[in-house]
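Welcome to this short briefing on a protein chain. Please take a look at the sequence and the 3D structure before reading on.

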Amino acid sequence: MNVSLAKDLSVYQLVMGVQAPPKPLSLSPATLLSLVRAQIDLLIEQQIAATLWVKLPPDKIWQSELARYQSSVGASSLIYTCQIDESRKGEAGEDKEEERLNISSSPSSPSSNYVPVHLPPDSQMRRENFLMVLSPQFCSLILAHRPLKKRKNQTSGKVNTNKNQPLLIITTVEGRVIQQVLNSIQQAIAPESSSILPASFICPTVPQAALMNQLLAKQLLRQDEINRQIITVRTNKLEQQNQELHNKEQLKDEYLKNVCQELRIPLTHMKTALSLLNSPSLKPPQRQRYLQMLNTQCDQQNSLITGFLELVQLEQNLDGTTLELVRLSDIVPGVVSTYQPVAQEKGIMLAYTVPTELPSVWCVSGSLRQIVINLLHNSLKFTPNGGQVWVRARNQGDYVQLEFRDTGIGIAENEIPKIFDRFYRVRTAATEDYGGAGLGLTIVQQLLLRCGGSISVKSKLSEGSSFTVQLATVSNIPRAIATENEL
């Protein structure tokens with residue numbers, strides 16, 4: 001059996017064109033589903049062998065309702081499913097997407113009870129879903145129409161979409177309305193196609209009161225079922241959100257605990273040094289050593305507080321992060337020259353290679369210097385006297401790669417995954433206290449994450465380490481961010 005329409009139709013316009021048309025209600029897709037299920041429930045319970053004219057979304061949840069009815073009533077039912085030709089050329093933009101979402105298809109298991117109805121290209125029905133029940137005992141129509149999305153506002157440049165806009169839903173059992181829609185469809189059917197119903201078919205003007213009572217009861221039950229499902233989903237989502245908040249609170253508590261512990265360590269050393277300085281038998285070399293201890297621990301305390309405040313500021317400004325275009329050749333040489341005296345004092349060969357022709361990179365505003373300082377400071381701190389430190393930059397596709405390589409003490413393989421954790425300091429058997437807050441690498445990683453960059457590390461004990469930073473160039477930054485930062 002073959003059915004196709006010779007001219008375009010809109011069921012919504014047909015319904016709204018009758019005298020005293022039913023009033024459309026702005027309802028959710030969930031309500032539409034409950035109405036469809038209630039109709040199918042009634043047809044199955046009363047074993048009404050009806051002809052169905054349908055256009056429903058292709059999702060299994062909708063198509064399973066048709067399969068449920070067909071399997072219950074059997075061969076005495078006939079289901080016409082509207083389909084838009086796959087060979088059509090859809091409209092561009094949001095209309096094309098809307099069309100894709102609303103094409104209906106027959107259930108996956110083919111059956112002679114399912115008859116495809118071929119709609120013309122760019123059919124008005126692409127924004128409509130409906131279920132029309134036609135039988136001598138009972139006729140009904142459930143129709144959902146999705147209004148056109150609003151176009152781009154030429155004045156403000158903003159696009160208003162109806163992503164969460166409810167459907168306009170019409171449900172009616174009035175014979176006069178359904179009959180007029182049916183007559184218009186019959187007239188639109190191509191001459192070579194088979195008629196949907198005999199020409200003598202007339203919709204009952206008013207359904208039986210008992211059927212209407214049962215339909216109303218089933219609609220209430222189905223709506224209540226869907227409401228409970230929605231409540232369950234929302235409850236589960238809220239429970240998940242509460243658990244996530246609880247986990248975040250636990251992480252914050254643990255973080256605060258670690259901060260307090262880290263701040264207490266220098267204070268303990270300072271208190272010890274002060275107590276020893278009060279000794280009447282203290283010799284000058286000992287006094288000098290304890291004063292140096294006080295100075296070192298004050299520096300450690302200051303480093304901890306500074307790093308902690310930087311992390312807090314980073315987290316608070318997460319949503320307000322702005323990016324800027326920076327050239328490595330404008331930043332790296334200046335930082336390296338600042339650290340040359342430190343390198344010379346330890347007898348470390350410090351060199352850099354940063355070609356001036358490298359493209360500009362995106363970085364959190366004002367942060368590239370801090371990234372270079374933290375990584376260079378680390379390399380020099382963990383490189384013994386007479387070692388070497390190199391800073392090299394090169395182009396790598398859509399990124400610029402900045403490498404910090406040293407011949408320092410290196411990092412054990414099992415410690416490499418932990419070095420970016422807050423307050424983590426590399427364990428070493430050396431007697432030298434390298435100090436530091438254990439926050440420098442954490443800050444570097446956080447800054448890079450906010451600009452689409454990354455950092456990786458390779459290291460071997462006693463052989464040195466290599467930290468590689470990747471920063472996105474202009475060609476690899478998201479267009480929206482690039483536009484925002486260019487303005």
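What percentage of the 487 residues in the chain do buried residues make up? Buried residues make up 43% of them, where buried means under 20% relative accessible area, exposed means over 50%, and partly exposed lies in between (1.4 Å probe, protein chains only). This is a predicted model, in which local features need pLDDT of at least 70 and side-chain atom pairs count only at pLDDT 80 or more, while totals for chains, interfaces and linings use all residues. Residues are numbered from 1 along each chain as its sequence is written, and side-chain values use heavy atoms, with hydrogens and water left out.

**The whole chain**

- The chain has 11 helices and 15 strands; helices (H or I, at least four residues) and strands (E, at least two) are DSSP runs, numbered from the N terminus.
- Take the contacts between residues at least 6 apart in sequence: 77% of them join residues at least 24 apart. Contact here means heavy atoms within 4.5 Å.

**The sheet of eight strands**

- This open sheet has mixed pairing and the order E1-E5-E4-E3-E6-E7-E8-E2; two strands pair if DSSP finds at least two bridges between them.
- Strand E1 (3-4) and strand E2 (25-27) are the edges, and each has a single partner strand, so one side of each has no neighbour in the sheet.
- E2 pairs with strand E8 (residues 167-172) in the antiparallel sense over three bridges, and Ser-26 stands opposite Leu-168 in E8.
- Helix H2 packs on the sheet and touches E2, strand E3 (51-55), strand E6 (128-134), strand E7 (140-145) and E8. The direction of H2 makes about 160 degrees with that of E7; axes are lines fitted to C-alpha atoms, for helices over the stretch in contact, and angles run from 0 to 180 degrees between N-to-C directions.

**Strand E6, step by step**

- Seven of the seven residues of E6 are buried, so E6 is largely enclosed by the rest of the structure.
- Glu-128, Phe-130, Met-132 and Leu-134 point one way from E6, whereas Asn-129, Leu-131 and Val-133 point the other way.
- E3 and E6 run antiparallel and are joined by five bridges; Lys-55 has Phe-130 in E6 as its bridge partner.
- E6 also pairs with E7 in the antiparallel sense, over six bridges, and here Phe-130 has Leu-143 in E7 as its bridge partner.
- A hairpin of five residues joins E6 to E7.

**Two helices side by side**

- Helix H2 (residues 29-45) and helix H3 (residues 60-73) pack at an angle of about 5 degrees, with axes 10 Å apart.
- That makes H2 roughly parallel to H3; angles under 35 degrees count as roughly parallel, over 145 as roughly antiparallel, 65 to 115 as roughly perpendicular and the rest as oblique.
- The residues of this contact divide into 10 nonpolar, one polar and four charged. Ala, Val, Leu, Ile, Met, Phe, Trp, Tyr, Cys and Pro count as nonpolar, Asp, Glu, Lys and Arg as charged, and the others, Gly among them, as polar.
- Among the residues that meet are Leu-32, Val-36 and Ile-40 in H2, and Ile-61, Trp-62 and Tyr-69 in H3.

**The sheet of five strands**

- This open sheet also has mixed pairing, with the order E10-E12-E13-E15-E14.
- Strand E10 (349-353) and strand E14 (454-460) stand at the edges, each with a single partner strand, so one side of each is left without a neighbour in the sheet.
- Strand E12 (residues 388-396) and strand E13 (residues 399-406) pair in the antiparallel sense over eight bridges, with Val-391 opposite Phe-404 in E13.
- Helix H9 (residues 368-381) lies across E10, E12, E13, E14 and strand E15 (464-472), at about 25 degrees to E13.

- Cys-363 is in strand E11 (residues 361-364) and is buried, with a relative accessible area of 0%.
- Cys-363 and Leu-325 are 38 residues apart in sequence but 6.7 Å apart in space, C-alpha to C-alpha.
- Ser-77 is in the loop between H3 and strand E4 (78-84), and counts as buried at 2% relative accessibility.
- Leaving aside neighbours within four places in sequence, Ser-77 is in contact with Ala-50, Tyr-69, Gln-70 and Asn-113.
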